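Trainee: Could we go through this model together? I would like to begin with the helix packing.

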Number of protein chains: 2
Amino acid sequence: MTNSKIQLFTFWRSQATYRVRIALQLKGIDFEPHVINLLKGDQYSEKYQKLNPGAMVPTLIDGDKPPLVQSLAILEYLEETRPSPSILPSGAENRAHARALGQVVAMDAHTLVIPRIRGYLEKELGLDEPTRIKWIRHWTETASTALEGILAGDPRTGDFCVGDTPTIADICLVPHFVSTIMLFKNDLSQWPTAQRIFDNCMKLDVFAENHPLRQPDAA
Amino acid sequence: MTNSKIQLFTFWRSQATYRVRIALQLKGIDFEPHVINLLKGDQYSEKYQKLNPGAMVPTLIDGDKPPLVQSLAILEYLEETRPSPSILPSGAENRAHARALGQVVAMDAHTLVIPRIRGYLEKELGLDEPTRIKWIRHWTETASTALEGILAGDPRTGDFCVGDTPTIADICLVPHFVSTIMLFKNDLSQWPTAQRIFDNCMKLDVFAENHPLRQPDAA
């Protein structure tokens, strides 16, 4: 029996799931959400780990195909199976550029600040809250500065990260800066190019409506 | 003036560059290496940061095109521009599976153990060596266990991670386990499926010859 609607295992606060929600809405793909409450440990249930042995969100199930994990792999999958509108620019070097920009925040910042890392810093290393917050701020800002360095110096930078329509780069940039703002009440003015792009994105419903605080499961 | 040969900015110990070296050799692409000694801080030179504002390796330059950064984006670029032999399986869900397997080690393990993280643990947090090594081991092994969980339960697992030829998944798996072995003298028997695949890869010159310790700049 095939369930034709995409199933998305999601959590409101997850940056990685926010990326996938943006891509789904950009492409006009309807989906059924299933909340995995990371704060309650839902990700460690036997049932969920059968879908996602890494015990993370998101997981996406498309019909009777095997579950898909890892947000960046899921974005590529959505692009391959529902190519229009595209979330990658044309030209191999431009696609590499868009992917790299996404990875600067997804790999070099987000991976370092997810709940299980914060948990290790607190419980295994016994770090106090100011030290943990300093860690999060350091890696978040290091990635923002790298992102600004790439965007500011590149002639391909337009209204969005690569040209004038949103790509995978913007889909990663927005959740990154939304987290920055939620955590640190930062304005983004030290990264002016990235800030301008972020503001352009947030004028679009697809980025604004998928904001973590606008999710039904948000605290 | 176009330099027709690919330029690769590399460091022997870098897992991310090892991935790119494997892909280049698999595809029979000749390249000119430029050593960026991460231990001496070459990555922070003004000249290098113009190519790579994130101050990381690898960077790849293909002719007169802009520099490419982020190893996973570079792998996709090589696949798009030199598609044969392919490092992605056929079928969108299989490609997503291969990419996700690669990301499990590249994002969820490697990012947490690179030199700048180790430096922060030591210099900013003042952690002693056993505690730093425990950190590295914890995240490395967590990813290995997630990888084994996915590989062991999936009918697509063959001689390699996805089927019977090497893909982007194996290109990420091998540097991950090479690092595990170099750091912890581990045998990999607690991850039997991954170990079998690793052994199959290391029988191939392309994986063996690009081993960190076989690079001209290795200590």
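Trainee: Which residues in H3(A) meet which residues in H4(B)?

Mentor: Leu72(A), Ala73(A), Ile74(A), Glu76(A), Tyr77(A), Glu80(A) and Thr81(A) in H3(A) meet Ala92(B), Glu93(B), Arg95(B), Ala96(B), Arg99(B), Ala100(B) and Gln103(B) in H4(B). Residues are in contact if their C-beta atoms, placed from the backbone, lie within 7 Å. Helices are DSSP runs (H or I, at least four residues) and strands likewise (E, at least two), numbered from the N terminus.

Trainee: What should I know about the model and its numbering?

Mentor: It is a predicted model, in which local features need pLDDT of at least 70 and side-chain atom pairs count only at pLDDT 80 or more, while totals for chains, interfaces and linings use all residues. Residues are numbered from 1 along each chain as its sequence is written, and chains are lettered from A and ligands numbered from 1 in the order in which they are written.

Trainee: At what angle do the axes of H3(A) and H4(B) cross?

Mentor: The axes cross at roughly 165° and come within 8 Å. That makes H3(A) roughly antiparallel to H4(B), a term for angles over 145 degrees. The axes are lines fitted to C-alpha atoms, for helices over the stretch in contact, and angles run from 0 to 180 degrees between N-to-C directions.

Trainee: Moving to the chains, how many residues of chain B are in contact with chain A?

Mentor: 29 residues of chain B are in contact with 30 residues of chain A. H4(B) gives the most to the chain B side, with eight residues. By class, that side has 16 nonpolar, six polar and seven charged residues.

Trainee: Why do the copies meet through the same surface?

Mentor: The reason is that 100% of the interface residues of chain B are also interface residues in chain A.

Notes. Two residues are in contact if their C-beta atoms, placed from the backbone, lie within 7 Å. Angles under 35 degrees count as roughly parallel, over 145 as roughly antiparallel, 65 to 115 as roughly perpendicular and the rest as oblique. Ala, Val, Leu, Ile, Met, Phe, Trp, Tyr, Cys and Pro count as nonpolar, Asp, Glu, Lys and Arg as charged, and the others, Gly among them, as polar.
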